[in-house]
Amino acid sequence: MAMDNDGRPDPDALLALARKEETDGHNGKLRIFFGAAPGVGKTYSMLEAARAALDEGLDVVAGVVETHGRTETEELLSRIAVLPRQRIAYKGHELSEFDLDAALARRPALLLVDELAHTNAPGSRHAKRWQDVRELLAAGIDVYTTVNVQHIESVNDVVAQITGVRVRETVPDTVLEEADAIVLVDLPVEDLLRRLREGKVYVPERAEWAAEHFFRSGNLFALRELALRFTAERISAEVLVYRKGHAIEATWPTAERLLVCVGPSPTSAKLIRTAKRASAARHVSWIAAFVESPRLSDVQRQSAAENLRLAEKLGAEVATIAGPRVSEEIVALARSKNVSTIIIGKPVRPRWKDFLLGSPVDELIRKSGEIDVHVIRGDIGGETERIVGGMANPRISWRPYVASLAIWAAATAVSFAMFPNFQLSNLIMVYLLGVVVAAMTCGRGPSLLTVVASVLAFDFFFVPPRFTFAVSDTQYVVTFAIMLGVALVISRLTTRMRDHATLARDLERRAGLMLALSQRLTEARGLDVVADTAGRSVAELLACDATVLVPDAGGGLRQARNHSPAFLDAKGYGAAHWVFENGHAAGRGTDTLPDVQALFLPLTGRDKVMGVLVAAPASPKEFFPEQIRILDSFAQQVGLTLEVERLQESAKLAQLESEAERLKASLLSAVTHDLQTPLAAISGSAESLLLANAAMDQETHAMLARNIRDEAERLSRLLNNLLRLTRLESGTVRLRKEPIPLEEIVGTALSRMEKSLGERPVTISLPEDLPMPPLDGLLMEQLLVNLLENVAKYTPAGSPVHIAGHKVGEDVELIVADRGPGIPPDSLKRIFDIFYRAPGEKHPRGYGLGLAICRAVAMAHGGNIRAENRPKGGTRFIVTLPLEAAAHGSTSHGPDAGNNPGH
């Protein structure tokens, strides 16, 4: 473990170990039974260990175990529960495969999964069985499995060189590095060959072929050595982890780091495996770097992407850098990453190209300085040469060459026009100008063609003797050489400048779009808006089709955008659901569901997956690893933004719940206080009736009965108002709005309040051209009734009441004014609060609900209500109603929205 200067362990390293232990605590444990070749007894040893676990009381299930007809293996398996296999139809055949979903549903304590390197049948969730095992471990299930050394990815080419057999089914080294235990199952070569002859490894027909090809004693000795070395390296790594965890050593044993140069050539795969073995042997980290150049074709970029994916699978840190000069970019990256050794392949192109264009290997060696450079020989052979040739010679576009010849012809024409009046040195300048223009507009190859053609044309057309390549004066030979050299330098520098400008534009565009995404996400509000913004930004950045899927109310996923991309079919939605549930990438360019058309990335927040980012590259291309890392960054940023939206929604819900609790407390206070008066009156009157003697006169009896009726009506009105107010404030009442004349609302309300208003004179001022706002008639009638009831209660008998309406901007104002005592200034803003009564009121029978209902009705219409005192005494209530048809509310309302007047 790294130490601070005072000898204490590095806190960052301790934190990393703590996080690893926490992750291991949630995942299942993986034990791999590892051998040098088939037949050493891996499956038998795995079953013996499983039987021991079964005897200890663990729930052990065999997910898939291949006995190969061995009697002793079948006997060990007989006591263990076996999971039925699933049947997969493929090209008219029915294949038997491990049932991953059944294993996840069964969730045993220990699951046996034989042959870790097995390739699953087409149509399975994962392409490889080791991916199934990873999902089982993530679900918290312990797994026992088996694998041979020839299936390890980093030694695959070594095994092929030793045995002459290329093993196609491989397991990434990272899977073995993540295993909690590796059990080496070893058997001497002589015993293994004896088992082969006895038919305990293969059936007789296959055993004969194996003995002649793979199971030769020399091969087995080499494979056994590889297996022992691999296991020893694993033990050494475990010792190193123990030292880190216990801070036994004060410093790191080495600061060495490797960097392997990856390109489009198939020989890069050999370099990658070599770098993996070297890093494992030295216990150091390693980097696979690819220099992206504007001159690379799409085929070359795709091949480089495949090589980078191989490096990433083997545990490398993948880096994609941009620059026209490979050597400069590689050395700069190596210095920034503190790399001690660079691994690069030998050049395969002709020497004349190195002479004209320079050798990247030679430049790298010269510029590497203190960094060691290892040059590795690549594979050679017909297949490799065919692939290299196919990529090194992509289809050539002749348009730039035709354009460069046109530039050369124009320079020649200008030189002919200048020839009679200018010296030859001026004509050279014209040709050099043509070289610059060709290099800037046509590229490196066409500019070189322009250079050669310009020198030849200058000699043929203008140097005496003219119209011949003969030279009368030897000084012109020096002129030709200088002209050729200067033209080549100008062409190279101009081409490099053009490449730099192209890369700078690409980087500027990418950085600008990344910044734009951050700004858009910052400004976006609402789940759908954020998701739509993210989808459009990804599509714009990578020139692809992209969308974002977010959870719906039913637990599924829905699109935030209205369009339906072709790649989101039933299979695409299935992949999206898997990504959403498991939190891992899947789809095109990955090892999970690789036949799906798009790439699916989880939008992860702090503690859960918030959605899925779906991006489909332009066919037939795939995303490069650098693009996938950009998408990962996008996904993390979008996931955090979606989580912020979720937290804001949670805060709103919490606020609503708090308001609901406050309302409940207020209602409880009303029940315990304000309802006591009518209940006490009803109870007292009823008790008087029950206890009355026969002497009670009829008038007294009728008075008590009327009192019970009045108090019951009062109590019913209060409860209805409470119910109505609760529904309005909770948003459960939906409005049925339509344009209604205010005259109709006012007339109906005055009819209901005629008796209560008594002798008060009422004047109405409603212009004939007053617009009709969209209203819920029953609710607005209730609002006006409550205001008039408030007037009848708090103003003297005979005082005037004035009702008016007028248009103010895009709103209509309805005014109810009286000439009562007015409202204390401190109570004007609180008069509409529930259960609030202004201090000093002389009418205790009010409960502070009528005006609260008025405010709720006005807000439900998208408007508001306010109160103000009139200059000569009295109060004016002003209700503002918007004229827009899309104000608050919807198209229906509750059944009790307009019943029962109250205050």
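I sort residues by relative accessible area: buried is under 20%, exposed is over 50%, and partly exposed is in between (1.4 Å probe, protein chains only). This is a predicted model, where local features need pLDDT of at least 70, side-chain atom pairs count only at pLDDT 80 or more, and totals for chains, interfaces and linings use all residues. Residues are numbered from 1 along each chain as its sequence is written, and side-chain values use heavy atoms, with hydrogens and water left out.

Entry one: Glu 115. I find a phi near 55°, a positive value in a residue other than glycine. Most residues other than glycine have a negative phi. Glu 115 sits in the loop between β6 (110-113) and α5 (129-138). I take helices (H or I, at least four residues) and strands (E, at least two) as DSSP runs, numbered from the N terminus. Glu 115 counts as partly exposed because its relative accessibility is 28%.

Entry two: the loop between α19 and α20. I place Pro 465 in this loop, with α20 at 475-523. The peptide bond from Pro 464 to Pro 465 is cis, with omega near -10°. Most peptide bonds are trans. Phe 467 lies in the loop between α19 and α20 too. Phe 467 is not a glycine, yet I read a positive phi of about 60°. At 48% relative accessible area, Phe 467 is partly exposed.

I locate Leu 456 in helix α19 (residues 444-461). Leu 456 has a relative accessible area of 44%, so I log it as partly exposed.
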